[in-house]
Number of protein chains: 2
Amino acid sequence: MAALIECIPNVSEGRREDVVAAIATAAVSAAPGVVLLDRTSDADHNRSVLTFLGEGEALVSAMTALVGAALDAIDLRKHAGAHPRLGAVDVIPFVPVRGATAADCVALAKTLGRTLADRYQLPVYLYEDAASRPDRENLANIRKGEFEGLAKKMEDPAWKPDFGPSTPHPSGGASVVGARAPLVAYNINLATADLAVADRIAKAIRHLSGGYRFVKAMGVKLEARGQVQVSINMTNFEKTPLHRVFETVKSEAERQGVAVVGSEIVGLVPQAALLAAAGHYLRLEADPGPQVLENKLLERLS
Amino acid sequence: MAALIECIPNVSEGRREDVVAAIATAAVSAAPGVVLLDRTSDADHNRSVLTFLGEGEALVSAMTALVGAALDAIDLRKHAGAHPRLGAVDVIPFVPVRGATAADCVALAKTLGRTLADRYQLPVYLYEDAASRPDRENLANIRKGEFEGLAKKMEDPAWKPDFGPSTPHPSGGASVVGARAPLVAYNINLATADLAVADRIAKAIRHLSGGYRFVKAMGVKLEARGQVQVSINMTNFEKTPLHRVFETVKSEAERQGVAVVGSEIVGLVPQAALLAAAGHYLRLEADPGPQVLENKLLERLS
């Protein structure tokens, strides 16, 4: 089966539902086989996050059509919202899901960036795994100054885009295209109402304070449950797996006399993140992914 | 989409890779639309498990061709292996996957049994959901005495086959055809060469001797590894889940001073069986199935 990749364009329109729907439709119509998994709009942010799944080349076609439709429909000169943004289509990350590597996604990001620049005279910056230089890895650096400060920022040779003209698209600004590992939002709930316990555990597991390389974490109070939660972003579940973090949280909680009540995944999760946990605890000698019946069906259907 | 059924012939050949490949090819060549999803051979067992997916009538044609090829290539009079067997093609279960019922699979089993008996003068027993009488529901009852004891066993009118002659096929024995719920073949490997340890643990977990309701198990020697294995058939992984059985095996092994080296799934496994294990150990508060990315794709494609 062809490699499966996720693509999550963030579009600067979160109030006109019909516009967002039309932009999504443009993407799936352009590339049979690409499916829209999720579409979430935020009126305050005036921004929508669309989640597509498909094969690499098809996703590039879908995103090219999506950006065309968005440039037609969105004028950033008239756009306001709580969320920072640089372009009509602000960010487009490619994420490997199954049978694809980070390198595959970097290659797709570059192909898409070049295509968007050529087709729409749109400046494109590459970020995260696809970044051309270290100071462009972090999206916040690229987006600093936002659409309104972009023309001025681009006068600095340090901010020459990776593809396209050195001046903003008049109504569409610039787009930031990249590749990153799948992110899993994972929370672990504790049998205490004492936020300090969750905070101490979050500190123990997060990269910033000496924990795991691909963990961001903080303590959160769950008022309705009278419990606290270690709220975690797993930014690379292959290198820092869920079960390892779960076991560390359990051990640290135990040390403080607190039990782990349960855990929860927020939003979507690649199957591999959960199969890895099953494989760890059952001591499976091989990755069970290729043996999963549904995966065989998926191969036949796609 | 047409009803999809799985058919999993167990063939008594696990060492001659070319023979197994030819048998599989005979099946798919006979029935366009039938696909081979998986093929797993075990040299110690001297047995291969082949998994086909397709529509009912096409599967009957494919299995008829497969049995013909196996009878040509396999002579049980010269066969030895750790796994009990009655025939060259030992067992052929039909399993409903999507849009098919247990009754559909029973009808297919009967059609196939009649066809094999007529075409190859092969005795056929029906088992599990397709069994003609209660004492034939259990495969172990039918297989008791194995190929070597079959001629003698068939002299008893109680063991007249459901189809075909009342004497064994000279080189191919008899085949057992049936219909059943999805089964997970799951083996747990132990850090000892002492078969008695695996046998004691198998006895502790299997239904027959006081263990879990939906577990069949036996000890098997893994000569090549210098280890033993608890070889398990999980006949209903929803009611008797893998992780519960694994934990019991681990505990019983520990009691005997033996470590669990690893475990392995043979053939295909429904995703739910592994997600249940992940959910158990990570203490997930909800079934993660609906959040699995790949499942969203499957929903949209089928």
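How many bridges join strand 9 of chain A to strand 10 of chain A, and in which sense do the two strands run? In this predicted model, strand 9 (residues 215-222) and strand 10 (residues 227-234) of chain A are joined by 8 bridges and run antiparallel. One of the pairings can be picked out by eye: Gly219(A) has Val230(A) in strand 10 as its bridge partner. The two strands form a hairpin, with 4 residues between them. Within the turn, Gly226(A) has a positive phi of about 65°.

Chain A holds 9 helices and 11 strands. Its radius of gyration is 21 Å, close to the 19 Å that the globule rule gives for 302 residues, so chain A is as compact as a globular protein of that length. The C-alpha trace of chain A spans about 60 × 45 × 35 Å along its principal axes. Of the 302 residues of this chain, 49% count as buried. Among the contacts in chain A with a separation of 6 or more, 71% are made by residues 24 or more positions apart. As for confidence, the pLDDT of chain A averages 94, and 99% of the residues score at least 70.

Chain A is divided into two parts, domain 1 (4-179) and domain 2 (184-296). The centres of these domains, taken over C-alpha atoms, are separated by 30 Å.

Another strand of chain A to look for is strand 4 (residues 47-54), which is mostly covered, with 6 of its 8 residues buried. Several other strands pair with strand 4 of chain A. Strand 1 (residues 4-7) of chain A runs antiparallel to strand 4 and is joined to it by 3 bridges; here Cys7(A) stands opposite Phe52(A). Strand 2 (residues 10-11) of chain A also pairs with strand 4 in the antiparallel sense, over 2 bridges, and Asn10(A) stands opposite Val49(A). Strand 3 of chain A pairs with strand 4 over 7 bridges, again in the antiparallel sense, and Leu36(A) has Phe52(A) as its bridge partner. In a regular strand the side chains alternate between the two faces of the sheet. Strand 3 and strand 4 of chain A also form a hairpin with 4 residues between the strands, in which Asn46(A) takes a positive phi near 50°.

The meeting of the two chains comes next. The predictor gives the complex an ipTM of 0.79 and a pTM of 0.75. Across the interface, 40 residues of chain A are in contact with 38 residues of chain B. On the chain A side, the elements that give two or more residues are strand 3 (35-42), strand 5 (89-98), helix 7 (242-255), strand 11 (260-266), helix 8 (271-281) and helix 9 (293-301). Helix 9 of chain A gives the most to this side, with 7 residues. By type, the residues on the side of chain A that touches chain B divide into 25 nonpolar, 7 polar and 8 charged.

In chain B, helix 8 (residues 271-281) has 9 of its 11 residues buried, so this helix is largely enclosed by the rest of the structure. Among the buried residues of helix 8 of chain B are Gln271(B), Leu274(B), Leu275(B), Gly279(B) and Tyr281(B). After helix 8 of chain B comes Arg283(B), with a positive phi near 55°.

Two valines of chain B complete the tour. Val215(B) has its place in strand 9 (residues 215-222) of chain B. With 23 C-beta neighbours inside 10 Å, Val215(B) counts as buried. Not counting residues up to four places away in sequence, Val215(B) touches Ile205(B), Arg206(B), His207(B), Ile232(B), Met234(B), Thr240(B) and Val245(B). The C-alpha atoms of Val215(B) and Glu285(B), 70 residues apart along the chain, are separated by 26 Å.

Val197(B) lies in helix 6 (residues 195-205) of chain B. Val197(B) is buried, because 20 other C-beta atoms lie within 10 Å, and a residue with 20 or more counts as buried. Leaving aside neighbours within four places in sequence, Val197(B) is in contact with Leu190(B), Thr192(B), Val228(B), Gln256(B) and Val258(B). Val197(B) and Val258(B) are 61 residues apart along the chain, and their C-alpha atoms are separated by 8.4 Å.

Methods. Residues numbered from 1 in each chain as written. Chains lettered and ligands numbered in written order. Predicted model: local features only at pLDDT ≥ 70, side-chain atom pairs only at ≥ 80, totals over all residues. Rg over C-alpha atoms; globule rule 2.2 N^0.38 Å. Buried ≥ 20, exposed ≤ 12 C-beta atoms within 10 Å, placed from the backbone. Contact = placed C-beta atoms within 7 Å. pLDDT = per-residue confidence, 0-100. Nonpolar A, V, L, I, M, F, W, Y, C, P; charged D, E, K, R; others polar. Pairing = 2+ DSSP bridges. Domains from an automatic or database assignment.
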